[in-house]
Amino acid sequence: MGARTMLYGLAFLSALCAGCGSGCGPKAPSDASSGDAEFEEIQVSARLIAAQGRVTVRRARSEEWHPAITGMALQVDDSLRTQRDAFATLEFEEGGTLRVGPESLVRITDLRLEVRSQARRSTFTVEEGRVEAELLPLKPAGEFRIRTPTAEASLNHREVAFQ
Amino acid sequence: MRFGPVMLSGLLVLGAAPARAQTAPGSTTLPAGQTLEDLAERLLGDREAAEEIRALNRMDGGDPAPGTALRLPGTERQAALSAWRVASQAVQQAVDDGAEEFARERLDRAREALAASRSARLRADYAACQRQADEAWALARQARQESLERRPRKSLLAVSVDAAGTTRVEVHRGEEVKVTAGKKSLAVGPGQAVKIEAGKEPEPPRALLPFPQPVLPPEGAVLVTPTVHFRWQPVEGAARYVLLIARDSAGLKPVRQLSCEAVFYLFPSTLPDGTYYFFLRSVDGQGMVGPASPARRFQLQVKSGEGVRVESAPDGKGI
């Protein structure tokens with residue numbers, strides 16, 4: 001299944017579950033306008049495409065760390081840890097990547113797609129260590145952030161004004 | 001100096017060729033109970049070379065009678081084969097760099113030339129094999145370059161935080177990055193980096209150091225010793241260097257990261273045989289890591305190399 005097809009599937013599920021209030025389907029972000037399809041946002045995932053050495057993952061609302069498996073999907077509030085001499089690479093659906101260096105701890109803080117504009121909003125929190133993000137040009141309204149305990153680096157789509 | 005396929009072929013001939021291929025006599029006879037494929041594997045290390053022996057001896061197919069005198073390919077075969085391998089790797093590198101999408105026409109021509117090179121080899125026309133391989137190599141390089149120029153330029157930024165809570169943001173290329181700490185924000189452009197100590201405002205952006213120029217191993221080298229000698233040109237202002245070894249040309253599948261202050265590193269490899277790429281970076285006195293050098297490919301053939309040493313400097317002299 002292609003990424004776009006999967007996203008549309010998720011959007012459909014999200015719409016189905018919008019009124020059930022039981023927490024099923026993709027989780028709607030707190031500021032998403034779930035009643036208005038034009039501004040609907042859905043949570044998406046990043047895929048672990050490479051893991052070398054001791055790489056572990058902690059799922060959202062879990063305290064346990066499990067070995068990472070290449071190909072697994074990571075979602076909001078999941079965390080990834082690399083030990084000494086270990087590496088991990090996450091790939092985003094639009095083709096960008098996040099390389100996680102040795103002795104790092106990274107949490108996926110936000111990964112959203114605005115359905116109509118296809119703009120993506122992504123935030124990663126680096127608690128320790130190093131990450132490198134390689135990103136395709138962002139779509140209008142798209143943004144990408146990396147936070148640490150002391151700072152935030154952000155990349156936003158910029159409109160070019162012509163006079 | 002052009003460091004093209006011909007020279008690479010020479011390097012590979014010196015090192016990568018199985019010793020038995022170099023000592024193969026000009027002619028032989030087919031022993032009883034052996035097929036031409038067995039003979040080709042024994043003398044040339046390649047069962048497919050049976051077809052070349054048939055072509056060289058003007059045979060239509062099948063095996064000759066035992067005891068029949070057979071002409072064997074000379075050293076020109078090894079040179080042609082090496083050129084074909086180098087071209088084949090160049091095509092793969094173009095594919096890795098997006099040529100399927102952004103330079104399809106040139107890539108297809110490179111593949112056609114590569115296929116023609118193989119056909120010529122199977123006809124035992126080694127001069128044509130090498131000529132076609134060189135053409136395939138040149139087209140693949142052009143396809144890769146075209147792809148690199150045409151594909152959307154990705155932004156690349158790195159963020160790190162150390163045990164003291166000091167954050168470093170490095171913008172290697174692409175868009176300007178906004179860095180915020182406390183109530184202060186500043187823009188960091190490509191080629192710049194900024195450091196933020198815990199509880200303090202960001203320092204003014206500073207320029208990143210350029211990457212060091214790699215020297216050893218040369219592009220496409222086939223290494224048969226377990227210790228890999230990496231060497232690069234010094235960069236003024238660099239406090240240390242970072243060497244990354246990966247399984248892919250994009251560096252998305254790293255296997256080792258090494259750091260050192262010298263301009264060389266003797267890496268006692270325990271990596272399995274295969275194709276690898278390495279990248280070099282300079283690190284300044286503030287710990288800012290600069291952009292990576294372009295991927296340089298090498299092959300480890302420690303288990304299959306039969307102890308033949310193959311490291312050569314780009315000028316052709318040994319290290």
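In which sense do strand S12 of chain A and S5(B) pair, and over how many bridges? They pair in the antiparallel sense, over 3 bridges.

This is a predicted model, in which local features need pLDDT of at least 70, side-chain atom pairs count only at pLDDT 80 or more, and totals for chains, interfaces and linings use all residues. Residues are numbered from 1 along each chain as its sequence is written, and chains are lettered from A and ligands numbered from 1 in the order in which they are written.

**View 1. Chain B as a whole.** Chain B has 8 helices and 16 strands. Helices (H or I, at least four residues) and strands (E, at least two) are DSSP runs, numbered from the N terminus. Of the 319 residues in chain B, 41% are buried. Buried means that 20 or more other C-beta atoms, placed from the backbone, lie within 10 Å of the residue's own.

**View 2. The strand pairing across the two chains.** S12 of chain A covers residues 152–156. Its partner is S5(B). Two strands pair if DSSP finds at least two bridges between them. Ser154(A) stands opposite Lys178(B) in S5(B).

**View 3. The side of chain B that touches chain A.** Here 26 residues of chain B are in contact with 28 residues of chain A. Contact means C-beta atoms, placed from the backbone, within 7 Å. S3 (155–161), S4 (167–173), S5 (177–181) and S13 (254–260) of chain B each supply at least two residues to this side. S3(B) gives the most, with 7 residues. The side divides into 16 nonpolar, 6 polar and 4 charged residues. Nonpolar covers Ala, Val, Leu, Ile, Met, Phe, Trp, Tyr, Cys and Pro; charged covers Asp, Glu, Lys and Arg; the others, Gly among them, are polar.

**View 4. S4(B) and its two partners.** S4(B) is mostly covered, with 6 of its 7 residues buried. It runs antiparallel to S3(B), joined by 6 bridges. S3(B) and S4(B) form a hairpin with 5 residues between them. Gly165(B), in the turn, has a positive phi of about 85 degrees. S4(B) also runs antiparallel to S7(B) (residues 192–196), through 5 bridges. Glu170(B) is the bridge partner of Ala158(B) and stands opposite Ala193(B) in S7(B).

**View 5. Helix H3(B) and its buried face.** H3(B) spans residues 36–44. Its buried residues are Leu36(B), Leu39(B), Ala40(B), Leu43(B) and Leu44(B). Gly45(B) follows the helix, with a positive phi near 70 degrees.

Note on methods:
Buried ≥ 20, exposed ≤ 12 C-beta atoms within 10 Å, placed from the backbone. Contact = placed C-beta atoms within 7 Å.
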